[in-house]
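I opened the notebook today to look up a few spots in this structure. Here is what I checked, entry by entry.

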Amino acid sequence: MHKKKIQMKTTLTFILIIILTGFVHGQCSYNEIFPVEHGISKFKAITRIASIGNIKEDKQANQYYFARWDKPHYLKGDSVYESSVFYDYTLHPCFKGNENELYLRFVDDKLYKIRITLTFSHAQFEKCMENYNTLVAIFKNEFIDWTQFVRSIRSNDVTKEQIGEGYWFYPTTEENRDKIKLNYLAIGYEVEYEMKWSDYKKEWYRTGNVDKYVIEIKFINLKGTNLTNERY
């Protein structure tokens with residue numbers, strides 16, 4: 001009898017640990033969303049991310065991207081050096097997609113763009129929206145101002161058919177935005193339709209079947225770079 005009580009206590013303790021662990025890992029805070037901050041060098045970003053267990057390098061994506069010099073017209077002959085690095089999240093309390101990708105963009109060895117993409121299957125719309133609404137609520141607690149936007153099919157400027165929506169978040173009020181270099185966060189979700197090849201027209205066409213849903217977070221801060229609000 002005494003042995004059974006001990007076994008029961010041990011089992012209940014084990015179950016409680018599992019429940020509490022799941023609860024902790026299920027929470028999401030703003031500080032957990034971005035593993036690095038704007039303005040740091042590529043070296044510091046890579047070494048910092050290397051110590052994070054749930055992010056791994058996307059070797060295939062990195063293999064096909066090459067750093068390059070660019071000469072924006074507004075710099076009047078000056079050049080900037082652009083480079084990028086791609087990662088995959090293996091597990092994250094804030095991201096519930098089947099694929100969760102991280103993209104970092106540098107100019108002159110300063111991080112100015114962070115992009116996170118979450119992909120959900122055609123049968124996971126509710127899961128996608130739950131994740132999206134959670135992230136929007138977090139950003140509304142962190143930023144001073146925000147506006148909504150609608151995403152339309154890029155190839156059809158006539159019908160303006162909606163395929164998604166989202167928010168722009170700003171750290172300053174509207175009247176002060178033009179006084180600083182571009183600094184904003186955008187989050188949106190959209191539907192991607194299945195594409196098929198037409199033997200008759202010899203081209204790809206969009207079907208009416210949903211292929212997947214995508215949440216994209218884009219966080220840009222041009223402070224400390226030579227880029228301007230005109231092009232970045």
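**Entry 1: the helix α5**

How many residues does α5 have, and what distance does it reach from its first C-alpha to its last? I noted first that I am working with a predicted model. I found 18 residues in α5. From first C-alpha to last, α5 reaches 26 Å, close to the 26 Å expected at 1.5 Å a residue.

Next I asked which residues of α5 are buried. My list reads C128, M129, N131, Y132, L135, V136, I138 and F139. I jotted a reminder beside the list: an α-helix has 3.6 residues a turn, so residues three or four places apart point the same way. Then I looked up what covers these buried residues of α5. The cover includes α2 (30–33), β5, β7, β8 and β9 (203–221).

**Entry 2: Q124**

I moved to Q124, in the loop between β5 (110–121) and α5 (125–142). Is Q124 buried or exposed? Its relative accessibility is 17%, and buried means under 20%, so Q124 counts as buried.

I then checked the partners of Q124. Leaving aside neighbours within four places in sequence, Q124 is in contact with N98 and Y213. With N98 there is also a polar contact, side chain to side chain, at 2.7 Å.

**Entry 3: K181**

Where does K181 lie? I found K181 in the loop between β7 (162–170) and β8 (183–198). K181 counts as partly exposed because its relative accessibility is 31%, and that class runs between 20% and 50%.

Not counting residues up to four places away in sequence, K181 touches L222, K223, T225, N226, L227 and N229. I looked at two of these partners in detail. A polar atom of the K181 side chain lies 2.3 Å from the backbone oxygen of T225. The K181 side chain also reaches the backbone oxygen of L227, at 2.8 Å. K181 and L227 are 46 residues apart along the chain, and I noted 8.7 Å between their C-alpha atoms.

**Entry 4: the second largest pocket**

K181 came up again here, as one of the residues that line the second largest pocket. How much space lies in this pocket? I wrote down about 160 Å³. The elements that give two or more residues to its lining are β7 and β8.

Besides K181, the lining has W168, Y170, T172, R177, D178, I180, L182, N183, Y184 and N229. Sorted by class, I have 5 nonpolar, 3 polar and 3 charged residues in the lining. N229 is on this list and is also among the residues that K181 touches.

Note on methods
Residues numbered from 1 in each chain as written. Predicted model: local features only at pLDDT ≥ 70, side-chain atom pairs only at ≥ 80, totals over all residues. Heavy atoms only, no water. Helix = DSSP H or I, 4+ residues; strand = E, 2+ residues; numbered from the N terminus. Buried < 20%, exposed > 50% of the residue type's maximum accessible area, 1.4 Å probe, protein only. Polar contact = N/O pair within 3.5 Å; in protein donor to acceptor, adjacent residues only side chain to side chain. Contact = heavy atoms within 4.5 Å. 1 Å grid on protein atoms, 1.4 Å probe; cavity = no way out; pocket = protein on both sides within 12 Å on 5 of 7 lines; lining within 4 Å. Points joined across faces, edges and corners; volume = space filled by probe spheres on them. Nonpolar A, V, L, I, M, F, W, Y, C, P; charged D, E, K, R; others polar. Expected span 1.5 Å × (residues − 1).
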